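Okay, thanks everyone, let me put this one up on the screen. I'll start with a question and then walk through the parts I'd like you to see.

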Amino acid sequence: MTAPEDTGTGPVIRDHRRIDPVTGQPRWGTPGASPRGATCGARRPGGAGAGSARHGKGDDAKTDDGKADGAGETKLTETETAETAEMSAAKELRKQLGERTADLQRLQAEYANYRKRVDRDRATVREYAVAGALTELLPALDAISQAREHGELSGGFKSVADSLQAALNKLGLVSYGQRGDAFDPKIHEALTHSYSPDVTEDTCVEIFQPGYKVGERILRPARVAVAEPATGPDGAANAAEWETGEETD
């Protein structure tokens with residue numbers, strides 16, 4: 001150890017130890033340095049170390065915030081992707097629903113047409129069957145009509161004839177052909193032909209046998225005598241006009 005020097009402020013040791021003149025204890029430090037200088041570089045609570053810690057925590061918080069932002073963006077992207085997938089699935093379902101609805105409507109229309117066709121065919125078959133059976137009964141009906149005209153239809157036979165006629169009417173059998181009807185070659189069969197000044201068109205003047213039909217189907221045309229309007233000079237025929245015309249030519 002070196003000898004102390006007297007500087008007027010107390011003995012100071014050259015190895016930078018200074019003796020406190022009050023306590024007589026050596027104090028470390030450089031001459032003229034503040035006693036607090038030794039503690040300037042020490043870390044204090046809330047000092048540089050705490051600041052570094054705070055800065056570290058801030059960096060960690062920023063990192064956590066960045067991670068949270070990244071997670072949020074990822075979650076948002078996943079949500080948008082899910083919504084897009086749901087919209088695509090809904091669009092596809094609506095397309096399939098429209099196709100199935102169109103198929104169902106088409107099948108329903110086809111079935112309705114099929115039902116109509118079956119009902120029409122069934123009615124046609126029934127009409128043919130009824131017409132075939134009634135056609136075979138027409139001679140019996142003619143005999144009953146003749147017996148009625150001659151007054152021979154009486155007693156139990158009359159009751160049977162009336163019951164038969166009522167049953168045939170329920171099956172749709174209709175009798176037609178009256179004196180004075182206009183002649184229609186589609187439903188009448190002319191057995192005789194004459195001229196008459198009393199008619200203005202071809203007219204049924206006599207009914208030999210009534211006609212029968214079921215609906216629009218003719219089972220038998222009415223057999224009639226037809227009178228044509230007379231245009232001759234004598235009001236009976238037009239043969240004279242034709243002869244006169246030939247002579248004129």
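So, how far apart along helix H1 are Tyr 111 and Tyr 114, in helical turns? About one turn, because the two tyrosines are three residues apart in helix H1. Before I go on, keep in mind that this is a predicted model.

As for accessibility, Tyr 111 comes out at 49%, so it counts as partly exposed. Tyr 114 has a relative accessible area of 43%, and that makes it partly exposed too.

Find Tyr 176: the charged end of Lys 213 sits over its ring, 5.8 Å from the centre.

Okay, zooming out to the whole fold. We have three helices and 10 strands. Going along the sequence, the order reads β-β-β-β-α-α-β-β-β-β-β-β-α. The protein has 249 residues, and 15% of them count as buried. Now take the contacts with a separation of 6 or more: 53% of them are between residues 24 or more positions apart.

Next, the largest pocket. It holds about 210 Å³ of space. What lines it? Asp 142, Ser 145, Gln 146, Glu 149, Ile 207, Phe 208, Gln 209 and Pro 210. By type, that lining splits into three nonpolar, three polar and two charged residues. Helix H1, running 48–149, and strand E7, at 203–209, each supply at least two of the lining residues. H1 gives the most, with four.

Is Asp 142 buried or exposed? Its relative accessible area is 11%, so it's buried, since the cut-off for that is under 20%. And what does Asp 142 touch, beyond its neighbours within four places in sequence? The contacts are Gln 209, Tyr 212 and Arg 220. Gln 209, you'll remember, is also on the list for the pocket lining.

How values were computed
Residues are numbered from 1 along each chain as its sequence is written. This is a predicted model: local features need pLDDT of at least 70, side-chain atom pairs count only at pLDDT 80 or more; totals for chains, interfaces and linings use all residues. Side-chain values use heavy atoms; hydrogens and water are left out. On a 1 Å grid over the protein atoms alone, a cavity is a set of points where a 1.4 Å probe fits but cannot get out, and a pocket is an open set with protein on both sides within 12 Å along at least five of seven lines; lining residues have an atom within 4 Å of a point. Grid points are joined across faces, edges and corners, and a volume is the space filled by probe spheres set on the points. Ala, Val, Leu, Ile, Met, Phe, Trp, Tyr, Cys and Pro count as nonpolar, Asp, Glu, Lys and Arg as charged, and the others, Gly among them, as polar. Buried means under 20% relative accessible area, exposed over 50%, partly exposed in between (1.4 Å probe, protein chains only). Contact means heavy atoms within 4.5 Å. A charge sits over a ring if NZ of Lys or CZ of Arg is within 6 Å of the ring centre and within 35 degrees of the ring normal.
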